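Here are my notes for you on this one, point by point. Have the sequence and the 3D view open while you read.

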Amino acid sequence: MRNSGATVRISARAIIAALAVFLLAGVRTARAQSAAGSVSSASGQVQIERAGATLAAIPGTPVNQGDKIVSGADGQAVIILTDESELTLRPSTTIALDQYTTGGATPTRVALDSGTLRSVVNGSPEAPNNYQVHTPNAIVTARGTDFYTAYTESSPQLGKLPGISHYTEVAVIDGTVNLAQAAAPDSGVDIGAGTSGTVAGDKPPWHHRRTYPTPEPTPTRHHYPTPRPTPTRHHHPTPRPTPTRHRYPTPEPTRGRYPDPMPEPTR
């Protein structure tokens with residue numbers, strides 16, 4: 001009986017150890033599955049909020065599924081996902097990597113709460129839509145595309161419409177995206193390269209024929225500096241008027257060869 005008890009205790013310990021190894025492996029697998037990419041570059045104030053903790057976003061910092069990335073007023077960051085897609089946060093931008101996948105029918109989903117996000121999505125035209133940006137009032141769906149998404153309080157295209165306080169703007173650099181109202185994801189419009197679209201409040205999307213954001217004019221630069229105007233210079237200075245000079249002195253009144261005779265005294 002003693003040997004049987006010892007055998008039972010050893011078996012229980014073996015089972016517990018096996019379960020611990022299995023659970024640890026499961027945790028590591030879950031962590032590996034949640035890893036989505038890393039910070040490629042960052043400047044200014046950029047932070048990652050993860051499971052109640054706040055981390056400084058510096059180059060090399062891992063980015064996991066479920067992370068929220070926040071850039072301050074002077075902050076910018078570039079995140080490279082494991083599928084080589086690239087996310088660029090402009091200043092005063094907040095995003096959350098809600099869902100990350102590298103294949104199949106389920107797309108990667110990024111939530112844009114505020115600011116401006118550039119998405120360079122790695123994909124091919126033949127592949128299914130593999131990437132979405134969700135704002136509070138719109139859904140942008142894309143694949144193999146380069147585009148900007150902005151969630152702001154006014155529209156560069158429409159201005160500030162009466163009674164509307166929030167807008168989603170999309171500008172496509174390359175490829176095509178579908179822009180839809182959040183409440184009607186199947187009723188979107190396609191936005192092609194070089195054009196833009198807006199969802200104002202709960203209104204249907206508008207498709208514009210001009211690019212947003214409007215690029216700032218680039219100052220013209222000459223290959224050579226523009227020469228300053230050269231002051232006019234005469235080859236010879238303008239001569240001042242020369243006082244008239246005779247070659248010979250003006251002759252005094254003519255006198256005889258001999259002196260005039262003195263008058264004789266009067267007698």
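This is a predicted model: local features need pLDDT of at least 70, side-chain atom pairs count only at pLDDT 80 or more; totals for chains, interfaces and linings use all residues.

1. The protein has one helix and 17 strands.

2. Residues are numbered from 1 along each chain as its sequence is written, and side-chain values use heavy atoms, with hydrogens and water left out.

3. Of the 267 residues in the protein, 30% are buried; that means under 20% relative accessible area, with exposed being over 50% and partly exposed in between (1.4 Å probe, protein chains only). The protein exposes about 18600 Å², and carbon and sulfur atoms supply 55% of that area (Shrake-Rupley method, 1.4 Å probe).

4. On to contacts (heavy atoms within 4.5 Å). Take those between residues at least 6 apart in sequence: 44% of them join residues at least 24 apart.

5. How many salt bridges does the structure hold? There are two, a salt bridge being a side-chain nitrogen of Lys or Arg within 4 Å of a carboxyl oxygen of Asp or Glu. In general, side chains of opposite charge can pair when their charged atoms come close.

6. One of them joins the side chains of aspartate 67 and arginine 50, at 2.7 Å from N to O. Aspartate 67 sits in the loop between β4 (62-64) and β5 (68-71) and arginine 50 in strand β2 (residues 46-50), so the pair ties together parts 17 residues apart in sequence. Aspartate 67 is buried, at 2% relative accessibility, while arginine 50 is partly exposed at 23%.

7. Aspartate 146 forms a salt bridge with arginine 118, and their closest N and O atoms are 2.7 Å apart. Here aspartate 146 belongs to strand β12 (residues 146-152) and arginine 118 to strand β9 (residues 108-120), so distant parts of the chain, 28 residues apart, are linked. Aspartate 146 counts as buried at 11% relative accessibility, and arginine 118 is partly exposed at 27%.8. Last stop, the largest pocket: about 170 Å³ of space lies in it. Of its 16 lining residues, Asp83, Thr101, Thr102, Gly103 and Asn130 are the closest to its centre. A pocket here is an open set of points on a 1 Å grid over the protein atoms alone where a 1.4 Å probe fits, with protein on both sides within 12 Å along at least five of seven lines; lining residues have an atom within 4 Å of a point.

How values were computed. Grid points are joined across faces, edges and corners, and a volume is the space filled by probe spheres set on the points. Helices (H or I, at least four residues) and strands (E, at least two) are DSSP runs, numbered from the N terminus.
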